[in-house]
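Subject: Structure handover

Hi,

Here is the structure I promised you. Please open it and keep it beside this email as you read.

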Amino acid sequence: MNILRTKHRSQWARVCALIWVLALPAAWAQPLAGTQPLTETGDVRMRMLEGLRGFLLRETDASVARRLSYWRQDFSSPEAYARSVAGNRARFARIIGLADHRVGFDDWTPQATLSGSALLAEGPGYRVYAVRWPVLDGVEGEGLLLEPTRPAAATVIALPDADSSPEALAGLAPGTPYSMQIARRLAESGCRVVVPVLIDRQDTYSGSPYAHLTNMAHREMIYRMAYQLGRHIIGYEVQKVLAVVDWAVRRHPGQPVGVAGYGEGGLLALYSAAADPRIDATLVSGYFDARQNLWQEPLYRNVWGLLEEFGDAELAWMIAPRPLVVEACRAPEIAGPPAPSETHRSAGAPGRLTTPEPRSVEDEAARARVVYAKLGEADRLSLVLSGDGRGEPGSEAAMGRFLRTLKMNATRPQGELARRTRPDPDRQRRQFFQLVEYTQKLARQSQFVRQEFWSKANTTSPARWDESAESYRRYLWEEVIGK
């Protein structure tokens with residue numbers, strides 16, 4: 001009986017609700033003020049997507065003019081200028097993930113293997129060693145050290161493209177043109193040269209062996225897990241560069257320190273010099289350009305809020321008045337992530353790299369030169385075109401200018417390299433999984449960081465909690481989801 005009564009009450013409630021809806025005043029069915037009925041035909045979702053795309057493209061183009069509002073440059077002296085851009089430098093360091101304390105070191109760790117010595121080769125006036133150096137807790141840099149047999153005149157960190165090897169820059173990889181053997185040429189001229197291994201664009205270790213592997217580039221996989229923690233593959237590799245800078249300025253005070261890079265290494269050279277004023281000279285080859293099409297590049301180059309304040313010209317502003325050599329040349333070109341296969345599922349984000357248009361490089365360099373000119377140092381920013389701007393990297397003009405900024409001269413090769421042994425083939429795996437484990441450790445510790453972050457919230461009453469939470473709401477809007 002109770003079941004029947006419940007059933008009848010439910011049916012009666014539905015009938016009453018229907019009568020109430022049918023009896024609504026006609027005025028209630030009128031459109032809200034400021035709205036119109038949706039009468040469009042076709043795929044509304046695609047129209048909305050195109051509208052959002054157009055909005056973002058317009059905002060990206062408009063960001064170039066808006067960037068000036070973030071800068072308060074004082075051109076009265078180099079010292080005053082450095083102080084005036086300190087806030088920009090700090091914001092830049094934060095968005096690329098330079099958030100962790102570096103581990104100092106006194107000397108290199110030779111990377112010998114069971115099958116070979118750490119001494120890989122000897123050239124005219126220098127030796128090539130496989131070395132490691134500590135960077136962060138559990139993270140090492142690894143690569144080659146080209147040490148002159150006579151006292152070095154400068155320390156240079158030479159950065160290959162992500163899909164190139166330190167051996168290519170050192171002249172130890174078969175088939176590498178001499179012009180691209182940047183590390184070897186610097187060593188022949190009397191520089192101490194460190195060539196780090198970069199995380200590459202292959203997909204060998206991407207994904208999980210316990211679930212499935214994917215075709216994400218290694219750089220993209222590190223980027224994806226680090227981004228949630230305010231870290232970045234770019235920031236991790238800049239840390240590896242700056243760890244060498246720390247060593248150089250401590251062990252060889254007063255000796256010039258330079259960075260030179262090609263492709264992805266050019267990006268890191270530019271970012272490292274912008275982040276750290278201790279770098280005395282910079283060569284950026286096959287990278288410098290306007291960044292309005294950054295959204296078309298691989299996902300691992302995505303930096304939160306970058307274009308709102310920084311293009312490549314603005315990064316050059318933070319290098320000024322220190323010497324900067326920009327070489328417009330053929331850049332590394334990729335059409336997208338590695339192709340999926342039977343063992344690696346499709347998961348990599350689209351994104352391509354192309355050679356910058358020479359005119360675009362010239363225009364971006366011209367924006368940067370304005371600041372150099374205001375500091376009275378216009379000649380310290382050099383733009384070199386290799387061929388028509390699409391020639392081979394490492395042109396004589398670019399290398400000559402870079403060495404002159406270090407108060408050195410280029411030297412032609414006096415002999416051949418004598419190879420003694422080969423580098424450890426497992427180093428890419430080590431470098432990749434060190435960053436994976438470091439990032440996962442940060443994730444495990446993040447709950448304690450959040451507790452510290454929220455420690456200023458006032459929990460003594462609902463009213464005071466609401467008041468103290470206002471700054472956190474603003475932070476979420478402006479710094480996390482992009483108001």
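E364 counts as buried, because its relative accessibility is 5% and the cut-off for buried is under 20%. Bear in mind that this is a predicted model. E364 sits in helix 12, which covers residues 358-374. What does E364 touch, leaving out residues up to four places away in sequence? The contacts are F288, D289, A290, G311, D312 and A313.

The largest pocket has a volume of about 1300 Å³. It is lined by 35 residues, and W304, G305, L306, L307 and E308 are the closest to its centre. Which helices each supply at least two lining residues? They are helix 2 (44-66), helix 4 (86-95), helix 10 (306-309) and helix 16 (470-480). Helix 2 gives the largest share, with eight residues. By class, this lining has 18 nonpolar, six polar and eleven charged residues.

The second largest pocket holds about 1000 Å³ of space. Its lining has 24 residues. Nearest its centre are Q228, L229, G230, Y475 and V480. Helix 4, helix 14 (427-453) and helix 16 each bring at least two lining residues. Helix 14 has the largest share here, six residues. Sorted by class, the lining of the second largest pocket has 14 nonpolar, six polar and four charged residues.

Best wishes

Note on methods: Residues are numbered from 1 along each chain as its sequence is written. This is a predicted model: local features need pLDDT of at least 70, side-chain atom pairs count only at pLDDT 80 or more; totals for chains, interfaces and linings use all residues. Side-chain values use heavy atoms; hydrogens and water are left out. Helices (H or I, at least four residues) and strands (E, at least two) are DSSP runs, numbered from the N terminus. Buried means under 20% relative accessible area, exposed over 50%, partly exposed in between (1.4 Å probe, protein chains only). Contact means heavy atoms within 4.5 Å. On a 1 Å grid over the protein atoms alone, a cavity is a set of points where a 1.4 Å probe fits but cannot get out, and a pocket is an open set with protein on both sides within 12 Å along at least five of seven lines; lining residues have an atom within 4 Å of a point. Grid points are joined across faces, edges and corners, and a volume is the space filled by probe spheres set on the points. Ala, Val, Leu, Ile, Met, Phe, Trp, Tyr, Cys and Pro count as nonpolar, Asp, Glu, Lys and Arg as charged, and the others, Gly among them, as polar.
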